[in-house]
Amino acid sequence: MDLIQLQRQLVDYRTSLYHEGFLDEQFTQLQSLQDENNPDFVVEVVSLFFEDSERLLNELSKALEQQIIDFKRMDAQVHQLKGSSSSIGAHRVQKLCIVFRNYCEAHNVEGCLKCLQQVKHEYGIIKTKLESMFQLEQQILNAGGSIPV
Amino acid sequence: MSGNGASSSSLNMISGEDVVNNNLTALVVDDSPLLRLLHDIHLKKYGLKVQVAENGKVAVDLFHLGASFDLVLMDKEMPVMNGVEATKELRAMGVTSMIVGVTSKDGPGEQQAFMEAGLDYCFEKPLTPEIISILLEELNKHNKKD
């Protein structure tokens, strides 16, 4: 695939992520902060999001396996996940966290379990999509091109 | 401008103006490494010198040690010492920095309780470039008056 085609593919792919609700304008804000002084800013922030999310999803899974569920602690963890997903524009994950917090508040175990599965699913999707996008960007850079805005 | 509890709506909305200032210092207080990085880079783009703290106690300790900052971005929910407690403590110490609370988008009373601790402004996180511009305009005006 030539450079122009790669760049076009990236633009189309990025557009689809917004159009399908995976990303929101916060991701655009993130990209606007990247410059020659911070050339890897977006990748760094998104990597932190991946680390945060995986740790929190792990902790939430363990919390829901306990005999006595600490809903307050779970709520704090979902709150963190909501904050970091909102900060990178991971729109679907963020929206599910709002629902998840409501179930934590209501001490609804079934609701929490269902939400956790949904969040894990959406997180898996956005992680794959962002990694694909970064790979595409790297291919463009390797081909000597620049990333289209 | 210290702990007068102004709401975000009382800011003059001067949008679209870039404010680059190499003399201002900021402290970003947040337990999330992601938010710390985000706000750190954001403020640095405007020329501020930025330090970060992972909770309210670290922030308060910095001030106890004699550090001073023009702007403090204070997350609300943090372990060890949360934003409300840290803000109250800083104001009780006589800190006159602009303290801006950053909260999540839930709880109607969330911002109000935080404001009452002594914030100058409170916004949803993460801060947008427009809000940061406006805050810096306010800081610059405040510094000119002194």
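Modeller: UniProt positions are given in the numbering used here, feature names are shortened, and annotations may be inferred rather than shown by experiment. With that in mind, an unreviewed UniProt entry places the feature "modified residue: 4-aspartylphosphate" at Asp75(B).
This is a predicted model, in which local features need pLDDT of at least 70 and side-chain atom pairs count only at pLDDT 80 or more, while totals for chains, interfaces and linings use all residues. Residues are numbered from 1 along each chain as its sequence is written, chains are lettered from A and ligands numbered from 1 in the order in which they are written, and side-chain values use heavy atoms, with hydrogens and water left out.

Biologist: Why does Asp75(B) count as buried?
Modeller: The relative accessible area of Asp75(B) is 1%, and buried means under 20%, with exposed over 50% and partly exposed in between (1.4 Å probe, protein chains only), so Asp75(B) is buried. Asp75(B) sits in strand 3 (residues 71–75) of chain B, where helices (H or I, at least four residues) and strands (E, at least two) are DSSP runs numbered from the N terminus.

Biologist: Which residues does Asp75(B) touch, not counting residues up to four places away in sequence?
Modeller: Contact means heavy atoms within 4.5 Å, and on that rule Asp75(B) touches Val29(B), Asp30(B), Asp31(B), Gly83(B), Val102(B), Phe114(B) and Lys125(B).

Biologist: What makes up the secondary structure of chain B around that strand?
Modeller: Chain B has five helices and five strands, and along the sequence they follow the pattern β-α-β-α-β-α-β-α-β-α. Of the 146 residues in chain B, 55% are buried, and among the contacts in chain B with a separation of 6 or more, 69% come from residues 24 or more positions apart.

Biologist: Which residue of chain A does UniProt list as "modified residue: Phosphohistidine", and why is that residue called buried?
Modeller: The unreviewed entry lists His79(A), a residue of helix 4 of chain A, and because its relative accessible area is 7%, below the cut-off already stated, His79(A) is buried.

Biologist: Why is helix 5 of chain A called roughly antiparallel to helix 6 of chain A?
Modeller: The axes of helix 5 (residues 91–105) and helix 6 (residues 109–142) of chain A come within 9 Å and cross at roughly 165°. Angles under 35 degrees count as roughly parallel, over 145 as roughly antiparallel, 65 to 115 as roughly perpendicular and the rest as oblique, so helix 5 of chain A is roughly antiparallel to helix 6 of chain A. The residues of this contact divide into twelve nonpolar, two polar and two charged.

Biologist: What makes helix 2 of chain A oblique to helix 3 of chain A?
Modeller: Helix 2 (residues 25–32) and helix 3 of chain A pack at an angle of about 130°, with their axes 8 Å apart, and this angle makes helix 2 of chain A oblique to helix 3 of chain A. The contact is made by Phe27(A), Leu30(A) and Gln31(A) of helix 2 and Phe41(A), Val42(A), Val45(A) and Val46(A) of helix 3, which divide into six nonpolar, one polar and no charged residues.

Biologist: How do you know that Met133(A) is buried, and which residues does Met133(A) contact?
Modeller: Met133(A), in helix 6 of chain A, has 0% relative accessibility and therefore counts as buried. Leaving aside neighbours within four places in sequence, Met133(A) contacts Leu10(A), Tyr13(A), Arg14(A), Leu17(A) and Phe27(A).

Methods
Axes fitted to C-alpha atoms, helices over the stretch in contact; angles between N-to-C directions. Nonpolar A, V, L, I, M, F, W, Y, C, P; charged D, E, K, R; others polar.
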